[in-house]
Amino acid sequence: MRRCARAATCMPSCRRCGLIGYRQLWNHLESGALLADAVEKAVIATRQLARRQLTWLRAEPGAEWFDAFDSGTPERIAARVAEWLQKR
């Protein structure tokens, strides 16, 4: 990002620089804000995005939830995908 900022090839308005983390780091580089503050703001933005995604997914009809920490989950997902493909 520093090289990009020095070369003026990337502006804060570009699509890539609007991603979580880029925006906060860009602010850090441009304004001299503390890096720790930029990292904290990026973590907060990530949590906010995750909350919005969960809200959207919970409203999705027919969505199935799998426990990511269960060691048997990959097999259950594979079986569910195979079942879904057979119905198509």
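Biologist: What percentage of the 88 residues in the protein is buried?

Modeller: This is a predicted model, and the values are computed from it. A residue counts as buried when its relative accessible area is under 20%. Of the 88 residues in the protein, the buried share is 14%.

Biologist: Which pattern does the protein follow along the sequence?

Modeller: The protein has 4 helices. The number of strands is 0. Read along the sequence, the pattern is therefore made of helices as DSSP runs, numbered from the N terminus: α-α-α-α.

Biologist: Which helix is included in what covers the buried residues of α3?

Modeller: The buried residues in α3 include Ala38, Ala42 and Ala45. Part of the cover over the buried residues of α3 comes from residues 22-31. Those residues form helix α2.

Biologist: Is Val81 buried, partly exposed or exposed?

Modeller: Val81 is found in helix α4, residues 73-87. With Phe66, Ile77, Trp84 and Leu85, Val81 makes a nonpolar surface patch of about 450 Å². Its relative accessible area is 41%. Because buried means under 20% and exposed means over 50%, Val81 is partly exposed.

Biologist: What percentage of the accessible surface of the protein belongs to carbon and sulfur atoms?

Modeller: The accessible surface of the protein comes to about 7400 Å². The share belonging to carbon and sulfur atoms is 58%.

Conventions
Residues numbered from 1 in each chain as written. Predicted model: local features only at pLDDT ≥ 70, side-chain atom pairs only at ≥ 80, totals over all residues. Heavy atoms only, no water. Buried < 20%, exposed > 50% of the residue type's maximum accessible area, 1.4 Å probe, protein only. Helix = DSSP H or I, 4+ residues; strand = E, 2+ residues; numbered from the N terminus. Contact = heavy atoms within 4.5 Å. Patch = residues over 30% accessible without salt bridge, like charges linked within 9 Å, V, L, I, M, F, W, Y side chains within 5 Å. Areas by Shrake-Rupley, 256 points an atom, 1.4 Å probe, with all protein chains shown as cover. Salt bridge = Lys/Arg side-chain N within 4 Å of Asp/Glu carboxyl O.
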